[in-house]
Amino acid sequence: MRVAIIGAGNLGTAIAMNASKNAEVIAVRRRKDLFPETKSVEVVSEIEEAEKANVFIITLKPQVFRKNMELISKVARGKPVVSFSAGVRLEEMLRHIENPFRAMTNLGIEERGTVACYPPETSEHLSFLDADFIYCESERELDAMTSFLGSSPAIISKLFHAFIISALHQGISYNNAIKAGISAFHSAAYLYSKYGLDETIRRITTPGGTTAEGLRLVAGIEKGFMDSLIGASRRVDEL
Ligand SMILES: NC(=O)c1ccc[n+]([C@@H]2O[C@H](COP(=O)([O-])OP(=O)(O)OC[C@H]3O[C@@H](n4cnc5c(N)ncnc54)[C@H](OP(=O)(O)O)[C@@H]3O)[C@@H](O)[C@H]2O)c1
């Protein structure tokens, strides 16, 4: 299996690192020297040099993808083209590309991650990835994943950072704060998905105790967090 990654920058490099565990990767970027040396990855500078690939992953910026769509179509010759470029719709791709698909992920894919795809059969062309798949029910849902899956790690990093600063303030060492933070964010997602919010709060909170005081004070940040994710999601229509 040979996988071409067209536009091997931030996201493309992360996908290449994951894909190289199970496939031969051809990574394309003009400044080849900026790509980190990685086993099973051949780095080339021209899109035409990727023609022997079986599947084409697009991680170019949207405008750069639009400019190169015709060339990519010629090079792919009917083989699947899976775009991770934000906001470039299937209808637009179909004007040039015979076999287009869409997906979204985030930089966590470098190790192991989650990939949202539309239409659902897109995942068949990404089976070389060490990943879980989210099957989107519409292209609109996939577009929203640009914010909720793609951008959200940067936004949530700000909350994680606030957690670390507060722990340092209360005398916890930096390394221990990081360990506690990883556990707390991971456990919150696990408990919420298993028990829901009310039951998670009921199990953790002692009446009149520390958690209750924390819950009272955290109420103010929820709206800002929602506005941030929704604002990021709306931007996709302008790309
Ligand atoms: N970054 C993320 O966390 C993330 C998450 C989800 C989705 N995305 C999506 O992924 C896409 C790329 O984002 P990014 O942050 O990875 O951007 P990026 O770091 O700028 O990567 C794009 C790469 O494309 C290369 N490139 C530009 N023109 C080219 C050409 N003609 N031929 C071959 N390569 C070319 C550039 O490298 P050279 O200048 O060396 O050619 C650049 O490194 C965007 O559509 C974004 O919406 C990104």
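In the predicted model, the largest nonpolar core comprises 54 residues, of which I5, I6, F56 and I57 touch the most other members. In soluble globular proteins, nonpolar side chains tend to be buried together. When residues up to four places away in sequence are not counted, the contacts of I5 are G12, I15, A16, V25, A27, V28, I57 and T59.

The strands were examined next. An open sheet is formed by eight strands with mixed pairing, arranged in the order β3-β2-β1-β4-β5-β6-β7-β8. Strand β7 (residues 113-118) runs parallel to β8 and is joined to it by five bridges. Within this pairing, A131 of β8 is the bridge partner of G113. Helix α4 (residues 139-169) lies across β6 (100-104) and β7, and runs at about 35 degrees to β6.

The surroundings of the ligand were then considered. The ligand is surrounded by 24 residues, the closest being G7, G9, R30, A86 and G150. Two or more residues of this shell are contributed by each of the elements α1 (10-19) and α2 (62-76). By residue class, the shell around the ligand consists of eleven nonpolar, nine polar and four charged residues.

Methods: Residues are numbered from 1 along each chain as its sequence is written. This is a predicted model: local features need pLDDT of at least 70, side-chain atom pairs count only at pLDDT 80 or more; totals for chains, interfaces and linings use all residues. A residue is near a molecule or strand if its C-beta atom, placed from the backbone, lies within 6 Å of it. Helices (H or I, at least four residues) and strands (E, at least two) are DSSP runs, numbered from the N terminus. Ala, Val, Leu, Ile, Met, Phe, Trp, Tyr, Cys and Pro count as nonpolar, Asp, Glu, Lys and Arg as charged, and the others, Gly among them, as polar. Two strands pair if DSSP finds at least two bridges between them. Two residues are in contact if their C-beta atoms, placed from the backbone, lie within 7 Å. Axes are lines fitted to C-alpha atoms, for helices over the stretch in contact, and angles run from 0 to 180 degrees between N-to-C directions. A nonpolar core is a set of buried Ala, Val, Leu, Ile, Met, Phe, Trp, Tyr and Cys residues joined through C-beta atoms within 7 Å. A residue is buried if 20 or more other C-beta atoms lie within 10 Å of its own, exposed if 12 or fewer, and partly exposed in between; C-beta atoms are placed from the backbone.
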